[in-house]
Amino acid sequence: MENCSLCRCGSETVRASSTLLFTLSYPDDKTGKNYDFAQVLKRSICLDQNTQWGPARAEEEHGVYVYDLMATVVHILDSRTGGSLVAHIKVGETYHQRKEGVTHQQWYLFNDFLIEPIDKHEAVQFDMNWKVPAILYYVKRNLNSRYNLNIKNPIEASVLLAEASLARKQRKTHTTFIPLMLNEMPQIGDLVGLDAEFVTLNEEEAELRSDGTKSTIKPSQMSVARITCVRGQGPNEGIPFIDDYISTQEQVVDYLTQYSGIKPGDLDAKISSKHLTTLKSTYLKLRFLIDIGVKFVGHGLQKDFRVINLMVWQGSFKSLLLRVPKDQVLDTVYLFHMPRKRMISLRFLAWYFLDLKIQGETHDSIEDARTALQLYRKYLELSKNGTEPESFHKVLKGLYEKGRKMDWKVPEPEGQTSPKNAAVFSSVLAL
């Protein structure tokens, strides 16, 4: 026998059954119409779903869900190297509308550095001899329109309060930051100075081609080693409230001490004297600050966020993890930049505008974050919030002229002065 259920939306569910026992249900008909036994039996077997639900709800009622394939990851077999993983990803309409001005979806192949469009059938063509499927990623159809996917900030403000260090030898006298008090919790629009330092886990692997050019086989792998956030306003402006050294179990091949200030042992819980945390703990703090709506101020933040694995995204996508809305990023490397000109280092900008000599022997993330905040204040002062763009353009022009003359190098302390003092000194000589 076939047990069929017909819904008002038009969908019919048919299930084969060997059961011959049915509960007879006499139609609840107030018209007084008489039904013979065959009609009663038929209506008892083929139940009519007399509901007002739409097709989507009917699908759920019948246990039917529609999923669309959005990505596949395959293992390309290679007996010499062990093979590699490549991905086929279906990119939606939003990207193509923004980049190409067209509304369509397209499958792309992601193979290390190579990204190119492919036919949709290639994403599901597998061959166990060389192309073995590893991941098939499906998404429920109409998921975004039928469900509220906004994240209601599950991270609490307590993540910014004081926490114990993983380092066994860390003492309070070595603490380089002051945790936030409850009455200091950041609000939407508050400024937070941010800087990050990195170490190298794997060196770049490259080979020279016959024509003398270099081909990168495997790029270097960077890992975040220190993240610093300083207060951007209030009586404690400039004082850090986060200065986390990120503990790692992986082998570090280069601490980049000259540029990062990270030394061997700083990331080892057994011998480190720093405030050592896990990457997850620091991620929670950054995620809370992003979701609360603070504005991050720093120099080269876009690059820092990329290595930290946070994407700076145009528009407000706070509901999507690992994304920082672009309007929450105030990057001084772009604020003091002229189109089609070189980017200027934080050290040179600090010397030119603030009369500060920073990054003498090595970099320090607290110093860099604090300096970026001061530069942003200077930018607001010089640009007057954009009311006189021509005046600020002259300031930038003078900056680039001075940089070319100095070969973009900050003068040594002996007998050297800041640009402003140098101008005064030259005028005195003229007199």
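What volume does the second largest pocket have? The second largest pocket holds about 720 Å³. The model is predicted: local features need pLDDT of at least 70, side-chain atom pairs count only at pLDDT 80 or more, and totals for chains, interfaces and linings use all residues. Residues are numbered from 1 along each chain as its sequence is written, and side-chain values use heavy atoms, without hydrogens and water.

**View 1. The second largest pocket is lined by 27 residues.** Nearest its centre lie Glu 197, Tyr 259, Lys 303, Gln 359 and His 363. The lining has 10 nonpolar, 9 polar and 8 charged residues. Strand β9 (191-202) gives the most, 4 residues. α5 (257-260), α7 and α9 (346-354) each supply at least two.

**View 2. Helix α7 spans residues 301-308.** Leu 301, Asp 304, Phe 305 and Ile 308 are its buried residues (under 20% relative accessible area, 1.4 Å probe, protein chains only). They cover an arc of only 95 degrees around the axis, which puts them on the same side of α7. Lys 303 and Arg 306, on the other side, are exposed (over 50%). Just after α7, Asn 309 takes a positive phi of about 85 degrees.

**View 3. Asp 68 sits in strand β4, residues 67-76.** Asp 68 counts as partly exposed because its relative accessibility is 24%. Beyond its neighbours within four places in sequence, Asp 68 contacts Tyr 137, Tyr 138, Val 139 and Arg 141 (heavy atoms within 4.5 Å). Asp 68 and Tyr 138 are 70 residues apart in sequence but 5.4 Å apart in space, C-alpha to C-alpha.

Methods: The arc is that of the directions from the helix axis to the C-beta atoms. On a 1 Å grid over the protein atoms alone, a cavity is a set of points where a 1.4 Å probe fits but cannot get out, and a pocket is an open set with protein on both sides within 12 Å along at least five of seven lines; lining residues have an atom within 4 Å of a point. Grid points are joined across faces, edges and corners, and a volume is the space filled by probe spheres set on the points. Ala, Val, Leu, Ile, Met, Phe, Trp, Tyr, Cys and Pro count as nonpolar, Asp, Glu, Lys and Arg as charged, and the others, Gly among them, as polar.
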